[in-house]
Amino acid sequence: MRPHAEEFERSGGKLAVVGNGWPAAAKSWAEHVGFPPGVQVLTDPSRKAYDLAGFKRSVVLTLFNPASLARFVRANLHGFRQGRVAGDPWQQGGALVVAPSGKVTYRYVGFGPGDQPSPGKLLEALRKAQAVGSAG
Amino acid sequence: MELADAVVKDTEGRDLRLGDVWRDKPAVLVFVRHYG
């Protein structure tokens with residue numbers, strides 16, 4: 001996501017990355033990744049926002065998931081290595097695109113490690129959210 | 001409770017109402033599994 005971070009702002013929107021560890025872990029991770037200033041890095045230690053967004057928490061999806069294993073192997077082949085886990089290891093991720101009206105115009109529920117929509121998909125969803133905003 | 005009313009924290013530990021993220025312009029929120 002980091003290589004595409006500026007594109008969200010150039011497209012008239014913003015990018016926020018939400019994790020679930022403690023703020024110090026979020027800060028350390030954000031500095032390590034090197035997000036540009038426009039990106040908000042947030043954390044939800046209670047995981048309340050994850051629950052309200054409908055994202056899953058599952059040991060099975062984390063450990064016994066063939067699709068995730070394939071993504072793990074592919075990521076390693078491309079040189080990406082997972083560091084020490086900070087946060088709930090069983091929490092799954094996801095993505096939302098939300099218009100200023102509060103309408104959720106896009107929702108992606110992750111079903112295991114590495115299961116996230118592509119930056120291109122998110123940019124497309126962002127453009128649609130802008131259309132919703134200008135129509136309202 | 002609505003998603004917009006969920007309270008998260010920034011990297012300095014300050015509380016932030018999630019709805020403030022998309023108040024001014026559309027926002028993409030990527031929820032990661034964990035840091036690392």
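**Entry 1. Ground rules**

I count two residues as in contact if their C-beta atoms, placed from the backbone, lie within 7 Å. The model I am reading is a predicted one.

With that cut-off I looked up B:Phe31, leaving aside neighbours within four places in sequence. I found B:Phe31 in contact with A:Val18, A:Tyr50, A:Ala53, A:Phe55, A:Gly93, A:Gly94 and A:Ala95.

**Entry 2. Chain B by itself**

I next took chain B alone. I found zero helices and three strands in it, and along the sequence the pattern reads β-β-β. The C-alpha atoms of chain B fill a box of roughly 30 × 20 × 20 Å along the principal axes. Chain B has 36 residues, and 42% of them count as buried.

**Entry 3. The side of chain B that touches chain A**

How many residues of chain B are in contact with chain A? I noted 29 residues of chain B in contact with 55 residues of chain A. Strand S1 (7-10) and strand S3 (27-31) of chain B each supply at least two residues of this side of chain B. S3(B) gives the most to it, with five residues. By type, the residues on this side of chain B divide into 17 nonpolar, five polar and seven charged.

**Entry 4. S3(B) and its two partners**

I then followed S3(B) strand by strand. Strand S3 (residues 94-98) of chain A pairs with S3(B) in the antiparallel sense, over five bridges. In this pairing I read A:Val98 as the bridge partner of B:Ala27, and A:Ala95 as standing opposite B:Val30.

Strand S1 (residues 14-19) of chain A is joined to S3(B) by five bridges, and these two strands run parallel. Here A:Leu15 stands opposite B:Val28, and A:Val17 has B:Val30 as its bridge partner in S3(B).

Is S3(B) buried or exposed? Five of its five residues are buried. In a regular strand the side chains alternate between the two faces of the sheet. I checked this strand for its directions: B:Ala27, B:Leu29 and B:Phe31 point one way, B:Val28 and B:Val30 the other way, and all are buried.

**Entry 5. The sheet across both chains**

What is the order of the strands in the sheet? I wrote it down as S4(A)-S3(A)-S3(B)-S1(A)-S2(A)-S1(B)-S2(B), an open sheet of seven strands with mixed pairing. S4 of chain A and strand S2 (15-17) of chain B stand at the edges with a single partner strand each, so one side of each is left without a neighbour in the sheet. Neighbouring strands are turned by 30° against each other on average, direction ignored.

Helix H2 (residues 23-33) of chain A packs on the sheet, where it touches S1 and strand S2 (40-43) of chain A together with S1 of chain B. The direction of H2 makes about 150° with that of S2(A).

**Entry 6. The S4(A) end**

S3(A) is joined to strand S4 (residues 104-109) of chain A by five bridges, running antiparallel. I noted A:Val104 as the bridge partner of A:Val98 in S4(A). A:Val98 also has B:Ala27 as its bridge partner in S3(B). S3(A) and S4(A) form a hairpin with five residues between them. A:Gly102, in the turn, has a positive phi of about 100°.

**Entry 7. The nonpolar core**

The largest nonpolar core has 38 residues. Those with the most contacts inside it are A:Ala16, A:Val17, A:Val18, A:Val97, B:Val28, B:Leu29 and B:Phe31. I listed the elements that give two or more residues: S1, H2, S2, helix H3 (48-53), S3 and helix H6 (119-135) of chain A together with S3 of chain B. Which element gives the most to this core? It is S3(B), with five residues.

**Entry 8. A backbone angle in chain A**

Most residues other than glycine have a negative phi. I looked up A:Arg47, where phi is near 60°, a positive value in a residue other than glycine. A:Arg47 lies in the loop between S2 and H3 of chain A. I recorded A:Arg47 as partly exposed because 17 other C-beta atoms lie within 10 Å.

Definitions and conventions: Residues numbered from 1 in each chain as written. Chains lettered and ligands numbered in written order. Predicted model: local features only at pLDDT ≥ 70, side-chain atom pairs only at ≥ 80, totals over all residues. Helix = DSSP H or I, 4+ residues; strand = E, 2+ residues; numbered from the N terminus. Nonpolar A, V, L, I, M, F, W, Y, C, P; charged D, E, K, R; others polar. Pairing = 2+ DSSP bridges. Buried ≥ 20, exposed ≤ 12 C-beta atoms within 10 Å, placed from the backbone. Axes fitted to C-alpha atoms, helices over the stretch in contact; angles between N-to-C directions. Core = buried A, V, L, I, M, F, W, Y, C linked by C-beta atoms within 7 Å.
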